[in-house]
Amino acid sequence: MNRNAYKLANSLHMGSEIRGMDDRIGLSEKEFSKYRKAFRKKARANTRKPYIRYMAAACMAATLLGTAVFSGDVHAAIEHISWSISSALGLPGSLEKYREVVNSSVHDQGYVFTLQEVVATEEKLVINYTVAREDGLSLGEIPPVPDGMLYINGRAIRGAASGGSVFLDEAQTILGVDMSYQIQGIDMAAENTYQIKFSNVGMGIDVKGKWEFQFVADATELLADTRRIPIEKTIGIQDGMTVTLKELSMNELEQRISYSMQGTSDYILQVIAEDDRGHQVEFSTSVFYGDIGEGHMINQEILYDGRIDENADTVKLTVYVHKLPEESGKMGDDYQQIGEAFELNLR
């Protein structure tokens with residue numbers, strides 16, 4: 001990995017954001033959503049720093065399917081939790097048409113992992129799972145958030161994963177985790193066999209074990225229902241360096257803008273998009289492959305029901321860049337606009 005790749009990895013490794021429950025006590029889901037959106041709108045007015053929950057390099061190993069019977073009380077508690085990928089990500093729509101329900105549990109070393117759902121899409125696999133103690137006791141104040149290692153069709157996938165976590169009960173006995181694995185060089189529309197292996201409970205809990213799952217999934221329907229709007233807009237950065245916004249794609253799971261960069265990989269991109277229905281959202285760098293000079297930005301605010309309206313006719317795009325620091329991976333807030341804002345026809 002070259003210096004620029006390390007800097008990009010460091011800039012994206014911001015530490016985990018815990019979507020905890022304490023600040024939600026006394027608020028309905030609708031009220032909480034309203035305040036959360038208002039807070040994010042205020043925050044966006046004061047900073048251009050991208051919202052990325054956490055990102056970790058993944059060094060993968062082979063995995064096998066495993067299931068086991070565990071404590072009836074814990075099993076019953078997990079079964080009564082309605083927690084889908086849609087609810088994990090705060091998506092307004094349903095992914096029922098595109099998801100694969102695994103609902104398989106494995107226990108080891110006194111801990112129970114339950115893989116619930118998976119969704120395959122373009123260059124990405126999204127999963128959600130729960131973690132609990134077999135004795136039903138609390139996991140503690142800080143969620144452990146274990147990272148699972150991924151294989152596809154027997155091939156180790158060495159890439160990155162991002163995600164978040166939340167306690168699903170007030171007693172903090174069941175942790176819900178969503179993870180998105182970045183994948184290159186795999187036909188996601190094919191029926192692939194996936195294997196995920198967890199070897200530790202996570203940070204703060206020094207317990208190692210084997211929690212392994214296997215399942216089959218494909219992205220055929222989701223990719224078929226993805227809207228793709230060509231952009232092909234090239235904007236100069238400096239000294240002959242350019243960025244080309246290639247395509248805006250939108251489906252029930254995500255909204256992304258793909259791009260390529262010529263002459264440098266020292267910049268992280270951000271796009272502020274405002275549609276003609278008055279919705280303003282932020283696309284932040286999710287992945288950049290320095291070896292081929294290509295990457296994409298994700299609409300992070302889709303997690304909070306903030307997206308380009310599906311009925312919008314146009315959207316105005318404004319592009320910002322942030323230069324990675326030469327010596328440190330720490331990110332600042334000094335995003336600078338490049339080029340003029342421009343309008344994209346969505347119809």
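Predicted model: local features only at pLDDT ≥ 70, side-chain atom pairs only at ≥ 80, totals over all residues.
Local features need pLDDT of at least 70 and side-chain atom pairs pLDDT 80 or more, while totals for chains, interfaces and linings use all residues. Residues are numbered from 1 along each chain as its sequence is written, and side-chain values use heavy atoms, without hydrogens or water.

Thr-173 sits in the loop between strand E7 (160-167) and strand E8 (174-182). Strands are DSSP runs of at least two E residues, numbered from the N terminus. Thr-173 has a relative accessible area of 16%, so it counts as buried (under 20%, 1.4 Å probe, protein chains only). Beyond four places in sequence, its contacts (heavy atoms within 4.5 Å) include Val-131, Ala-132 and Arg-133.

Val-131 belongs to strand E4 (residues 124-133). Val-131 is buried, at 0% relative accessibility. Residues touching Val-131, those up to four places away in sequence not counted, include Phe-113, Leu-139, Thr-173 and Ile-174. The C-alpha atoms of Val-131 and Val-145 are separated by 8.5 Å, 14 residues apart along the chain.

How values were computed
Helix = DSSP H or I, 4+ residues; strand = E, 2+ residues; numbered from the N terminus. Buried < 20%, exposed > 50% of the residue type's maximum accessible area, 1.4 Å probe, protein only.
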